[in-house]
Amino acid sequence: GVFSEVDLHYTLGCAIDEAGDLECWGNSTNNIIHAGPFHDINVGWKHLCALNPDGSMYCDGSGAGYAPPCNDCGTAQPGHWIDIDVDENANWCGVQSTGEIECWGNWNSNVYPPPTGNDFVQVTMGEAFGCGLKTDNSIECWGNDELDQLSNAPSGVDFVHVDASRE
């Protein structure tokens with residue numbers, strides 16, 4: 001088939017097909033198809049979240065602490081989301097249409113709180129740190145700086161996309 005987006009984790013893979021449906025495999029999913037339409041997907045360990053065109057979030061998966069703030073993680077989530085990402089430890093962050101970053105899951109927001117402000121358009125997660133792309137094309141990072149991943153972020157550069165790796 002034809003896919004518009006694919007996201008992989010070491011135990012789970014999902015793709016958005018040309019109809020906007022979500023096809024997932026691995027991690028005992030038995031090739032599950034979630035009816036769309038979806039336009040963005042992000043998978044973690046035993047968990048996935050996808051964005052609907054209306055900005056709502058659909059999440060599915062297992063494990064306490066892995067679910068976003070929701071009562072029934074198999075249904076669309078309230079709010080209007082423009083981006084989501086997950087790290088290796090099931091720490092999720094998303095950007096609301098207001099430009100604010102919200103984090104959940106195993107994320108310890110008391111130790112590594114996400115930045116405040118309403119000028120973010122994208123978020124990416126590494127292991128215990130995150131970076132957000134702002135409307136002025138700058139980036140702001142937060143969290144664990146053990147490997148200088150925060151203090152070595154370039155300044156004075158106009159970014160169009162930001163992506164973090166595990167470390």
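How many bridges join β3 to β4, and in which sense do the two strands run? The count is 2 bridges, and β3 and β4 run antiparallel.

## Basis of the model

This is a predicted model, in which local features need pLDDT of at least 70 and side-chain atom pairs count only at pLDDT 80 or more, while totals for chains, interfaces and linings use all residues. Residues are numbered from 1 along each chain as its sequence is written, and side-chain values use heavy atoms, with hydrogens and water left out.

Strands are DSSP runs of type E with at least two residues, numbered from the N terminus. Two strands pair if DSSP finds at least two bridges between them. In general, strands of a sheet pair through backbone hydrogen bonds, either parallel or antiparallel. Here β2 and β3 pair in the antiparallel sense over 4 bridges. Within this pairing, A15 stands opposite E23 in β3. On the β4 side, the bridge partner of E23 is I33.

The hairpin of β2 and β3 has 4 residues between the strands, and G20 takes a positive phi near 90 degrees there. Strand β3 has a covered face, formed by L22 and C24, and an uncovered one, formed by E23 and W25.

## The three disulfides

A disulfide is a covalent bond between the sulfur atoms of two cysteines; the criterion applied is a pair of cysteine sulfur atoms within 2.5 Å. The structure holds 3 disulfides. One joins C14 to C24, with an S to S distance of 2.1 Å. This link of C14 and C24 is right-handed, with 110 degrees about the S-S bond. The pair links distant parts of the chain, 10 residues apart: C14 is in strand β2 (residues 13-17) and C24 in strand β3 (residues 22-25). Both C14 and C24 are buried, where buried means under 20% relative accessible area, exposed means over 50%, and partly exposed lies in between (1.4 Å probe, protein chains only).

C93 and C103 form a disulfide with their sulfur atoms 2.0 Å apart. The torsion about the S-S bond of C93 and C103 is about 100 degrees, so this disulfide is right-handed. Because C93 lies in strand β10 (residues 91-96) and C103 in strand β11 (residues 101-105), the pair ties together parts that are 10 residues apart in sequence. C93 and C103 are both buried. A disulfide also joins C131 to C141, at an S to S distance of 2.0 Å. The link of C131 and C141 is right-handed, with 105 degrees about the S-S bond. Since C131 lies in strand β13 and C141 in strand β14, this pair ties together parts that are 10 residues apart in sequence. C131 is buried, with a relative accessible area of 6%.

## The sheet of β12, β13 and β14

An open sheet of 3 strands has the order β12-β13-β14, with antiparallel pairing. Its edge strands are β12 (120-126) and β14 (139-143), each of which pairs on one side only. Neighbouring strands of this sheet are turned by 20 degrees against each other on average, direction ignored; the axes are lines fitted to C-alpha atoms, and angles run from 0 to 180 degrees between N-to-C directions.

Strand β12 is joined by 6 bridges to strand β13 (residues 129-134), and the two run antiparallel. The bridge partner of M125 in β13 is G130.

## Surroundings of D85

D85 is placed in strand β9 (residues 81-86). Its relative accessibility is 11%, so D85 counts as buried. The side chain of D85 makes a polar contact with the side chain of N42 at 2.8 Å; a polar contact is a pair of N or O atoms within 3.5 Å, and within protein one must be able to donate a hydrogen and the other to accept it, while residues adjacent in sequence count only if both atoms are side-chain atoms.

With neighbours within four places in sequence left aside, D85 is in contact (heavy atoms within 4.5 Å) with N42, N91, W92, C93, V123, T124 and M125. Among these partners, C93 belongs to the disulfide with C103, and M125 is the residue bridged to G130 in β13.
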